[in-house]
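Subject: Model handover and notes

Dear colleague,

Please read the conventions before the findings.

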Amino acid sequence: MNTKPESQSLAAWVEETREGIDSGRFPVRAFNDQAVYDLEQERLFSKTWCFLAHESEIPHPGDYVTRYIGNNNLIVARDEHGEIHANLNMCRHRGNVMCKAEMGNASHFRCSYHGWTYKNSGELVGVPYMKEGYEGRLKRKDWGLVRVRVDSYEGLVFGCLDPEAPPLDEYLGGFQFYLDLYLKHGLGGVEVHGPPDHWIADTDWKICTENFAGDGYHTPVAHQWGFHLGYFPSSGSTHSQGWAVSIRGKGHGIGLGHGPNFPPFGGFPDDLVAEMKQSLSPEQVEVFSRTRTAVGSVFPNLSFLMQPFSLEPGEIGVRFVTMRLYHPVGPGRMEMYSWCLVPKNASQEYKKEAYRAYTLAFGQAGTFEQDDFENWTKVTQAAGMTMVRGVDFPYIMGMDSAPDPEFPGPGHAVVPYVNDTNFRNLWSRWADYLAGEA
Ligand code: FES
Ligand SMILES: [Fe+2]
């Protein structure tokens, strides 16, 4: 075993990592290391488009949530005109936190230190002792909250710290086709079912992004109880059927698992399927109708999963969608946000059933979640051991897979679904950012 000295420069390590990915190797150290974490803050989260909120979390003027991009805490608020803004949650006077709640409704934020007051859009409107103290030298328009770029796709609000970064559309690069599988559930789209489940986990955020970029390999093993008890309407041996699709050079990836004999759009109510056929393109309908499980990640740290889950063992199940955000808070440590998305136009009864299915499988106490985090925290612990320096993981599944020429969607689609192609694409994008070349 090659245990490299700690003195190897980080830049050299990143270069070596980039070269290794092409031959199907990725270093264990990436998943729990202070220097790697610091470099991610500096070079990755400062440049990528990161998910902030779903529009339905802040539907009314004044509604806000506080969220993060990297280590930057932001207030994401809807102003009186309905426009959404993201501003750094820091007073421009001496840096106090402006908003201490995670969500709420406010037209203004008043600093608890010296009383500067800002509109929820970020403009400074109130300064105590303005005349006597500043004697006309302070121009309020110059001292608003620090603004962050925002853009949205189908209700997903993203922010970007880099004013020079390409627009969101270009960043998503065709992955919108797959996001629609989670978002265009009927003509009304989707909404969040309540606030997110939110907890801290001793897990590196990248392990989650990778798993949700299409790790069908772990499902029949880590979640085998679901098959055995009949909650998951398929058998483990057939779970590998389907496509793994990646958007080359962008880092996004999705696994589209099929179920043998699984009915088209199985698990959705009929009226919703009729609406989906109107809201989706014919190519999307072709892919979507055959997909039983869709598990995808938007680079760097947002994921989605849609699958049927049987509330009564043996039944076809109810489709639910979970959206999750992995916010890194230290090497090998993250805050998890997990939402259930439901179709706006569905009946209350279906929304309730879908939420029940989500809660049984995902969220803080979800059974699938427990299975996954048990493994992910152990992987993270292992990655923090000193002897793992110089040790790699194999990413050689599907090294020679050619893209499926029949596949109707964008991106690089390979079969079988159990494949490392999406992960090589993910790590290659990650390494580009760390090298400062994204
Ligand atoms: S720190 Fe906010 S008013 Fe002084
Ligand atoms: Fe899992």
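This is a predicted model: local features need pLDDT of at least 70, side-chain atom pairs count only at pLDDT 80 or more; totals for chains, interfaces and linings use all residues.

Residues are numbered from 1 along each chain as its sequence is written, chains are lettered from A and ligands numbered from 1 in the order in which they are written, and side-chain values use heavy atoms, with hydrogens and water left out.

**Sheets**

Helices (H or I, at least four residues) and strands (E, at least two) are DSSP runs, numbered from the N terminus, and two strands pair if DSSP finds at least two bridges between them. On that basis, seven strands make up an open sheet with antiparallel pairing, in the order β2-β11-β10-β5-β4-β3-β6. Its edge strands, each of which pairs on one side only, are β2 (50-54) and β6 (103-105). The twist from one strand to the next averages 30°, where axes are lines fitted to C-alpha atoms, for helices over the stretch in contact, and angles run from 0 to 180 degrees between N-to-C directions. Helix α5 (residues 176-183) packs on this sheet, touching β10 (147-153) and β11 (156-160), and its direction makes about 75° with that of β10; contact here means heavy atoms within 4.5 Å.

Within the sheet, β3 (residues 63-69) and β4 (residues 72-78) pair in the antiparallel sense over six bridges, and the bridge partner of Thr66 in β4 is Ile75. Ile75 also stands opposite Asn87 in β5, and β4 and β5 are joined in the antiparallel sense over five bridges. The hairpin of β4 and β5 has five residues between the strands, and in it Gly82 takes a positive phi near 95°. On to β10, strand β5 pairs in the antiparallel sense over two bridges, with Ala86 opposite Val148.

Strand β5 (residues 84-88) has five of its five residues buried, so it is largely enclosed by the rest of the structure; buried means under 20% relative accessible area, exposed over 50%, and partly exposed in between (1.4 Å probe, protein chains only). In a regular strand the side chains alternate between the two faces of the sheet. In β5, Ile84, Ala86 and Leu88 point one way and His85 and Asn87 the other, and all are buried.

There is also an open sheet of three strands with antiparallel pairing, in the order β7-β8-β9, whose edge strands are β7 (108-110) and β9 (124-126). Its neighbouring strands are turned by 35° against each other on average, direction ignored. Strand β8 (residues 117-119) and β9 pair over two bridges, and Tyr118 stands opposite Leu124 in β9.

**A loop residue**

Leu187 is found in the loop between α5 and β12 (190-192) and is exposed, with a relative accessible area of 52%. Not counting residues up to four places away in sequence, Leu187 touches Glu275, Gln278, Ser279 and Asn345. Leu187 and His85 are 102 residues apart in sequence and 26 Å apart in space, C-alpha to C-alpha.

**Pocket and cavities**

On a 1 Å grid over the protein atoms alone, a cavity is a set of points where a 1.4 Å probe fits but cannot get out, and a pocket is an open set with protein on both sides within 12 Å along at least five of seven lines; lining residues have an atom within 4 Å of a point. Grid points are joined across faces, edges and corners, and a volume is the space filled by probe spheres set on the points.

The largest pocket has a volume of about 570 Å³. It is lined by 25 residues, of which Glu210, Asp215, Tyr217, Val379 and Tyr395 are the closest to its centre. Two or more lining residues come from each of α6 (205-212), α7 (219-222), α12 (367-383) and β20 (392-394), and α12 gives the most, with four.

By this rule there are seven cavities of 30 Å³ or more, and the largest cavity has a volume of about 130 Å³. Of its 17 lining residues, the closest to the centre are His218, Thr219, His223, Leu305 and Gln307. At least two residues of this lining are supplied by each of α6, β16 (293-298), β17 (302-309) and α12.

With best regards
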